[in-house]
Structure formats: C-alpha cells, structure tokens
Amino acid sequence: MVRRPFMATFKDYLENNSPLILHGALGTEMEALGYDISGKLWSAKYLLEKPEIIQEIHETYIAAGADLITTSSYQATLPGLVEAGLTEKAAEQIIALTVRLAKAARDKVWVVLDETEKAKRPYPLISGDVGPYAAYLANGSEYSGDYGQITIEELKDFHRPRIQILLDQGVDLLALETIPNRLEAQALIELLAEEFPEAEAYISFTVQEPGTISDGTSLDEIAKLVSQSNQILAVGINCSSPLLYNQALAILKNAGKVLITYPNSGEVYDGNSQTWKTKDKDALTLVEHSKDWHAHFGVKILGGCCRTRPNDIKALYQEFRT
C-alpha cells in the first residue's frame, strides 16, 4: 500500500497549493468509452457491474494532473441502491467501494510517477462526493431545484448515511456538489455541524439565471448562508454554463471562502428533455475561462464538469502546474 508522504488537511492544501486541479466528469468519460449510463442509477450502475472501469477513469484523471479525486458516489445513495434491488447492507458496501476505488487509483498512479513529476504537484486528496437529492430523483431537478414538499429533516436523513460511510472510509474531505436548492444547502451545513464537526468540505451550486441558484434563491443569500459555516472551506459553481460564472463568483466571494469552479463544457443541458445542445462556436475553452476566473476572482480550485474530458484536466494542469 502506498502511504501518503505527509499528513495534511484540505485546509492545508488550500493554503499551500494554489490552484488545485479537480477531477473531471465521470459519466461523460464512461459514455465516451462506450458505456450506457442511461437509467436512474446513471454511472453508479457500473459500481455493481464493472467497478474496475471506474477505477481506471480515476487513474486517467490522476495521471492527467488532478489533485482532488472525487469518489463515484454522486448517484450512489442508499435509497437509490435499495430501489435497484440491493439490501441496505449491500448498498452501504457499494458506497464504501467508491472510496476504495479512488484510493486504489491514487496509489497505483502515484507510485509510478517520477520524483520530478511529484515535485510539481501535491499528493492527491480523496473527496467524498455527496450529490444532491436531485440526483436520486433523476428527474432533471439539479437544474430547477424543485424538490416538491420536503423538510429539512428529511434532507438530513437522506444525506446522513452516505456522509457517514464516506467519512468512515477515510475520505479527506466532502464534495457537496451540484446543489440546486437552498434548503438542501442549509440541511447539509447543519448536518455537518451537528453530527460531523471534524469534517471539511466544499459546496458548489448550480445556476441557470444570473444572480440566483437553480431554485431561484439569490446568490447573496447563499453567500451569507455559507459564510456561517467553519467547515465549508470553499464555495462555487459547477455543472452550469461558464457564461454565468463571472457574476456568480463576484457575489459568492462575499462568503469569505476559497472559490471553486468546474463548469460544463459550454454545451447547454436541457433538464426537461435530458439532452445536450451544442455550445456556441465562439465559446472559450475551459482553460481560457479558468485563467480568467483565477486572475480576476482568485479561484483556487479549478476543474470541469459535464462534457469535459481528461484532456481538459491535463490542459489545466499544464497551464497552472508546469
């Protein structure tokens, strides 16, 4: 087993390694390799059918230069897996497996890097992916934030077991990502403070219109909410059009946290039809956008979300690390 060269926390990394490069899209890469990710479990079904392909994709992103390795637990929830036919115990084991796959990928890649390469980058951290309630619903509500009638306690109950498993398996931080709903953000922040006070995390939201997250809550309100948490060390936007980021970042910086960006490729997702529309031919590349956000807003965590590939992460690495 490869041992990390030193013990460090996410906070240490943010203070000493700027910027950090984030793991890229999983589902996009699986599709590119010919895997069918349709269905409610999405890419998580391959945790059941072919987990080795998920580890291989992690390895590809680490080799490309990723510093934060996101577990494949976005769509892997206890209720979702149980509905797919697993027992609760088996579902818990699948969520735990997502951490083991990420760690195994890190060990395999890191051990073969030469010392010159290792000197350019920090030892990768494992971030436990806590996707939104919307991912379980699998109805496109990542892009609307419409959860119907649900209480904050129900949202805590939904998120609690996966967070517990990820932390028990030794993730370095939590990635609370693609959050479209203010109540869900509040639930997660309160849950960390009440039950997981040692956990460090970042939180990222989806935006569809300037100035608000997907459910219509103002980004000013989101910045105030996030600013109250000592455990949320970074805040930003993911899984959204890069054209919406400048205004969002200008507001979110008021939270007093590190900023994180990992946009979609520029193609636009239609949540109703669940299809992608081609991006504008004049759209900037991920690297061009990321350079601007780093320069103008001091963004410290940079990556790509849907429709981005390992070469996009490699391009970020080449821009910011070499």
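Predicted model: local features only at pLDDT ≥ 70, side-chain atom pairs only at ≥ 80, totals over all residues.
How many helices and strands does the protein chain have?

1. The protein chain has 14 helices and ten strands. Its radius of gyration is 18 Å, close to the 20 Å that the globule rule gives for 322 residues, so the chain is as compact as a globular protein of that length.

2. Of the 322 residues, 58% count as buried. The accessible surface of the protein chain comes to about 13,300 Å², and carbon and sulfur atoms hold 47% of that. Looking at contacts with a separation of 6 or more, you'll find that 76% of them involve residues 24 or more positions apart.

3. **Charges.** There are 44 negative side chains and 30 positive ones in the protein chain. The centres of these two sets lie 5 Å apart.

4. **The sheet.** Eight strands make up an open sheet with parallel pairing, and their order is β1-β10-β7-β6-β5-β4-β3-β2. At the edges stand β1 (20-21) and β2, each with a single partner strand, so one side of each is left without a neighbour in the sheet. As a reminder, strands of a sheet pair through backbone hydrogen bonds, either parallel or antiparallel.

5. **Strand β3 and its neighbours.** On one flank, strand β2 (residues 68-70) runs parallel to β3 and is joined to it by three bridges; here T70 stands opposite S127. Strand β4 (residues 173-179) also pairs with β3 in the parallel sense, over four bridges. In that pairing, D129 has A175 of β4 as its bridge partner.

6. **How buried is β3?** Six of the six residues of strand β3 (residues 125-130) are buried, so the strand is largely enclosed by the rest of the structure. In a regular strand the side chains alternate between the two faces of the sheet. In β3, L125, S127 and D129 point one way, while I126, G128 and V130 point the other way, and all are buried.

7. **β5 with β6.** Further along the sheet, strand β5 (residues 201-205) pairs with β6 in the parallel sense over five bridges. To find your place in this pairing, look for S204, which stands opposite G236 in β6.

8. **Two residues with positive phi.** Most residues other than glycine have a negative phi, and most peptide bonds are trans. A138 has a phi near 55 degrees, a positive value in a residue other than glycine, and C239 likewise has a positive phi, near 50 degrees. A138 is found in the loop between α8 (133-137) and α9 (152-168), while C239 lies in the loop between β6 (232-238) and α12 (245-252). Are they buried or exposed? A138 counts as partly exposed, at 30% relative accessibility. C239 is buried, with a relative accessible area of 5%, which puts it under the 20% cut-off.

9. **A serine in a helix.** Take a look at S290, in helix α13 (residues 286-297). S290 is buried, with a relative accessible area of 0%. What does S290 touch, not counting residues up to four places away in sequence? Its contacts on that count are L302, L316 and F320.

Note on methods. Residues numbered from 1 in each chain as written. Heavy atoms only, no water. Helix = DSSP H or I, 4+ residues; strand = E, 2+ residues; numbered from the N terminus. Rg over C-alpha atoms; globule rule 2.2 N^0.38 Å. Buried < 20%, exposed > 50% of the residue type's maximum accessible area, 1.4 Å probe, protein only. Contact = heavy atoms within 4.5 Å. Areas by Shrake-Rupley, 256 points an atom, 1.4 Å probe, with all protein chains shown as cover. Lys, Arg positive; Asp, Glu negative; His and termini not counted. Charge placed at Lys NZ, Arg CZ, Asp CG, Glu CD. Pairing = 2+ DSSP bridges.
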